[in-house]
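Good morning, and thank you for coming.

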Amino acid sequence: MNQVDYLRISLIDRCNFRCQYCMPEGAEIDYILKQQLLTDEELLTLIAEVFIPVGFTRFRLTGGEPLLRPHVVELVRAIASFSQTQDLSMTTNGFLLAPIAQNLYDAGLRRINISLDSLEPDTFDQIIGNRGRGRWEQVWQGIQAAHRVGFDPLKLNVVVIPGVNDHEVLDLAALTLDRNWHVRFIEFMPIGNWQLFGDRGWVSSAQLRQQIRDRWGLTDSQVRGNGPADIFQIPGAKGTLGFISQMSECFCDRCNRMRLSADGWLRPCLLNETGQLDLKTALRSGVSTAQLQEQVRHLLAIKPEINFKGRESGTTGIYSRTMSQIGG
Ligand code: SAM
Ligand code: SF4
């Protein structure tokens, strides 16, 4: 059985972007009320007294947009300071990154994934919901700052939407030619925007690889990821290309993660709502962390049965939360 030692922690469900595929403009989103968010203290208690004791050693901070969380640098410092923390990373849209990239690094963050779906400012604006001019430039500054500060590996996440940014796949892949960056193409999932998904569909990783192979060739990389990405490299390139193919392939058997939402729900599978634990309510009503450890251990034991590998198995409400609410 795969060891599950990786926790994706959503720090906040809110976001300063409205990506078409995640929380499109105009969509009704029930934001978590402030008093329902895990406090810093509750989050750190859960990590130190529940997750670490049951074997979690790798943590990723995400959201929503994690950089909107107050005290994010202090949280990074606290999580990095636990001796059992082997890996601490963040997924961000990069918009607020440039001024605090160094502080995050100094606090102990070492790996960062930045979402960048387009190299064209206009297309980018369209994808993120026209939040105001100059956003692409500011994100690019964030990426440059992360690079300068020394985040390694620096990963860029691209969700490919047919007819929106699929014409840029080669340009985005070309970023790896002379930079030690990892560009990861993520298949669009029917979470967050059913209509866009229904209208546009998704592009398979195999198709993208063929496009790239036709242009430059593509070798299997020596670097093996420990997550869901299949990693390849353009011959002679400094960086690598990752493909996350959750629509065209099932990687549930190698799933190594759980997700903690900003309001404290522990979720064993992204695509299945079965088995979730409301850790915040339990903590607030006085359940001991020793008891919570037992509950999480049980969830770890039954996770293989919950994993969504039986895609036809028909669980209910599987997509009732968006990626921003779950902690993508
Ligand atoms: N706001 C941060 C960001 O955008 O990087 C972190 C949270 S975001 C929900 C995490 C990742 O989920 C992003 O890389 C985003 O592109 C991806 N994502 C969101 N909705 C998706 C969807 N419907 N299909 C595939 N990936 C999605
Ligand atoms: Fe915000 Fe990230 Fe979702 Fe885009 S993908 S709306 S940046 S949470």
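Is cysteine 252 buried or exposed? Cysteine 252 counts as buried, because its relative accessibility is 13%; by definition, buried means under 20% relative accessible area, exposed over 50%, and partly exposed in between, with a 1.4 Å probe and protein chains only.

Let me state the conventions. This is a predicted model, in which local features need pLDDT of at least 70, side-chain atom pairs count only at pLDDT 80 or more, and totals for chains, interfaces and linings use all residues. Residues are numbered from 1 along each chain as its sequence is written, chains are lettered from A and ligands numbered from 1 in the order in which they are written, and side-chain values use heavy atoms, with hydrogens and water left out.

I return to the cysteines. Cysteine 252 sits in the loop between strand 9 (240-244) and strand 10. Here helices (H or I, at least four residues) and strands (E, at least two) are DSSP runs, numbered from the N terminus. The unreviewed UniProt entry gives the feature "binding site" at Cys252, Cys255 and Cys269; such positions follow the numbering used here, feature names are shortened, and annotations may be inferred rather than shown by experiment. Those residues span 18 residues in sequence, yet no two of their C-alpha atoms are more than 8.9 Å apart, so they gather at one spot.

Cysteine 269 lies in the loop between strand 11 and strand 12 (277-278), and cysteine 269 is buried at 8% relative accessibility. Cysteine 255 is buried too, at 19%. How many disulfides are there? The count is 0, where a disulfide is a pair of cysteine sulfur atoms within 2.5 Å. For cysteine 255, the nearest cysteine sulfur belongs to cysteine 269 and is 6.7 Å away.

Next, aspartate 263, in the loop between strand 10 (257-260) and strand 11 (265-267). Aspartate 263 is buried, with a relative accessible area of 8%. Its side chain makes a polar contact of 2.5 Å with that of serine 261. A polar contact is a pair of N or O atoms within 3.5 Å; within protein, one must be able to donate a hydrogen and the other to accept it, and residues adjacent in sequence count only if both atoms are side-chain atoms. The C-alpha atoms of aspartate 263 and leucine 43 are 9.8 Å apart, although 220 residues separate them along the chain.

Now the ligands. UniProt, again in an unreviewed entry, lists Cys15, Cys19 and Cys22 under "binding site". Cysteine 19 is in the loop between strand 1 (6-10) and helix 1 (40-51), and is buried at 13%. Which residues surround ligand 2? Among them are Cys15, Cys19, Cys22, Gly64 and Asn93, where near means that a heavy atom of the residue lies within 4 Å.

Ligand 1 is surrounded by 19 residues, and the closest are Tyr21, Gly64, Ser115, Met189 and Ile191. A nitrogen atom of ligand 1 is 3.0 Å from a backbone N or O atom of glycine 64. A polar backbone atom of threonine 92 lies 3.2 Å from an oxygen atom of ligand 1, and one of isoleucine 191 lies 2.9 Å from a nitrogen atom of the ligand. Thank you for your attention.
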